[in-house]
Amino acid sequence: MTLKYLIAGLGNIGDEYKDTRHNIGFRILDVLSRASNISFIDQRYGALVEYRFKGRTLILLKPSTYMNLSGKAINYWLQKENIPIENLLVINDDLALPLGTLRLRATGSDAGHNGLKNIIEILGHQNFARLRYGIGKEFRPGEQVDYVLGKWTAEEEKTIPDRIKVAIDMIHSFATQGTQRTMNDYNKR
């Protein structure tokens, strides 16, 4: 029997959100799928693709429910594919982390992130792994929404490809080594 994992990259559907900071979860999964020559297919509550890695099946999910309702898509696919909660990894942007910083956590609060808030609400707990991608907080008071939904600057764009490579390594490690080992190996970098 193949071990299954649900890797959910958070973001918003639509061209107006494509290259925004808030859509880094989608972007990471897009890079992974392109590098593997696989394509997402629109299905219920999101775009999905199955990706095989070292005897594991990773179901990559980009929810189509918009960020604030991500829990609906994640819960549906966890149940449909019979994936245990410990095999769920959610990838999201994080204002509290400096630009490009990657942190894996086994559990935690929503930290003000509406996507995580909805997932916690729908699942009824916060005991799922999340890979947080730091987007920094280079905005003035009252401009948080514009910043999060804003496009990356040219300078920020230069940092993204290398950080996405590390994020993909962390996804692979999560599926093969587990949350704790991945945290030990990558969170200090």
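**Exercise 1. Find the ring under the charged end of Arg130.**

Solution. A charge sits over a ring if NZ of Lys or CZ of Arg is within 6 Å of the ring centre and within 35 degrees of the ring normal. The charged end of Arg130 meets this over Phe128, 4.2 Å from the ring centre. Arg21 does likewise over the ring of Trp152, at 5.9 Å from its centre.

The model is predicted: local features need pLDDT of at least 70, side-chain atom pairs count only at pLDDT 80 or more, and totals for chains, interfaces and linings use all residues. Residues are numbered from 1 along each chain as its sequence is written, and side-chain values use heavy atoms, with hydrogens and water left out.

**Exercise 2. Classify the ring pair Tyr51 and Phe53, then state whether each residue is buried or exposed.**

Solution. Step one is the rule. Rings of Phe, Tyr and Trp (its six-membered ring) pair if their centres lie within 6.5 Å; planes under 30 degrees apart count as stacked, over 60 as edge-to-face and the rest as tilted. In one of them, Tyr51 and Phe53 are 6.4 Å apart centre to centre with 20 degrees between the planes, hence stacked.

Step two is accessibility. Buried means under 20% relative accessible area, exposed over 50%, partly exposed in between (1.4 Å probe, protein chains only). Tyr51 is buried at 9%. Phe53 is buried at 18%.

Now apply both steps to Phe139 and Tyr147. Their pair is tilted, at 5.2 Å and 40 degrees. Phe139 is partly exposed at 24%, whereas Tyr147 is buried at 7%.

**Exercise 3. Decide how the buried residues of helix H2 are arranged.**

Solution. Helices (H or I, at least four residues) and strands (E, at least two) are DSSP runs, numbered from the N terminus. H2 spans residues 70-80, and Ser70, Gly71, Ala73, Ile74, Trp77 and Leu78 are buried. Seen down the axis, these residues fall within an arc of 165 degrees, so they line one face of the helix. The arc is taken from the directions from the helix axis to the C-beta atoms.

**Exercise 4. Work out which strands pair with E5, and how it is covered.**

Solution. Two strands pair if DSSP finds at least two bridges between them. E1 joins E5 in parallel through four bridges; Gly9 stands opposite Ile91. E7 (residues 129-134) pairs with E5 in the parallel sense over six bridges. There, Leu89 stands opposite Ala129. Both faces of E5 are covered: Leu88, Val90, Asn92 and Asp94 are buried on one side, Leu89, Ile91 and Asp93 on the other.
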